[in-house]
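Let's take a walk through this protein together. Keep the sequence and the 3D view open side by side as you read.

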Amino acid sequence: MTIPQFILASASPARRRLLQTVGIEPIVYPSDFDESQIQISEPGQLVQTLAECKAKTVVSQFPSALIMGCDSVLAMNGEIHGKPANTEEAIARWNLMQGNFGDLYTGHVLIDNTQNRTVVKCQITRVYFGKMSDRAIQAYVKTGEPLKCAGAFALEGFGSLFVEKIEGCHSNVIGLSLPLLRQMLAELGYEVTDFWR
């Protein structure tokens, strides 16, 4: 079996770093898909649909490649939260999150152009947030990190200080579940080691 190029249809540096950590050097080709087109209220269905839309927008650029798309949201109290629009929204979000927990959903899709096959999955990780003072929330938001992340925090950054514990896949919270990726590749007939460079 010929091993196709691995394309990451995401601008997320965290997702790229996760892949590099496990020996995969992806070709990064951000999709620039307009997420506002998709209106779905169930978080698992939403992230899987968005991940698939992102991957599909770059498929024509890479006729014989394996294309990965991902999307993440945090669901809390029946509400879906993506990246906060501004500082005020990030502060309001942290006032809700601190001392509480949420479920981080990441949709994953692999489109294998060489086999004309697509695998779509969702991983969910529960995240428990510590209690925070107003001063700590404002200082964290001022770093700019929460404005770049679904759920307004980065587990691999300053945000790790304010996460008490997680239940489930750690890398999923960063943006891509590595164990799920391994399973999805196996479903397509590959070993993850096939993509080591």
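The N-terminal end of helix 6 is capped by Ser177: one of its side-chain oxygens lies 3.2 Å from the backbone nitrogen of Leu180. Keep in mind that this is a predicted model. After helix 6 comes Gly189, and its phi is positive, near 95 degrees.

Now look along the helix itself. Which residues of helix 6 are buried? Helix 6 spans residues 178-187, and its buried residues are Leu180, Leu181, Met184 and Leu185. These residues sit on the same side of helix 6, because they cover an arc of only 140 degrees around the axis.

Apart from neighbours within four places in sequence, Leu181 is in contact with Phe6, Leu19, Ile24, Met68, Leu110 and Leu176. Leu181 is also among the residues with the most contacts inside the largest nonpolar core, together with Phe6, Trp94, Leu110 and Phe153. That core has 39 residues, and strand 3 gives the largest share of them, five residues. Another core, of 11 residues, lies apart from it; Ala9, Val58, Ala65 and Ile67 are among its members.

| Strand pair | Bridges | Direction | Example of bridge partners |
|---|---|---|---|
| Strand 1 and strand 3 | Four | Parallel | Ile7 and Ile67 |
| Strand 1 and strand 2 (residues 27-28) | Two | Parallel | Leu8 and Val28 |

How does the chain get from strand 1 to strand 2? The chain crosses through helix 1, and this β-α-β crossover is right-handed.

Finally, find Gln5, which lies in strand 1. Is Gln5 buried, exposed or partly exposed? Its relative accessible area is 42%. Since buried means under 20% and exposed means over 50%, Gln5 counts as partly exposed. Gln5 and Ile67 are 62 residues apart in sequence, yet their C-alpha atoms are 8.3 Å apart in space. Leaving aside neighbours within four places in sequence, Gln5 is in contact with Ile27, Phe62, Ser64, Ala65 and Leu66.

Notes. Residues numbered from 1 in each chain as written. Predicted model: local features only at pLDDT ≥ 70, side-chain atom pairs only at ≥ 80, totals over all residues. Heavy atoms only, no water. Buried < 20%, exposed > 50% of the residue type's maximum accessible area, 1.4 Å probe, protein only. Arc of directions from axis to C-beta. Polar contact = N/O pair within 3.5 Å; in protein donor to acceptor, adjacent residues only side chain to side chain. Core = buried A, V, L, I, M, F, W, Y, C linked by side-chain atoms within 4.5 Å. Contact = heavy atoms within 4.5 Å. Pairing = 2+ DSSP bridges. Right-handed = clockwise from strand over helix to strand, strands pointing away.
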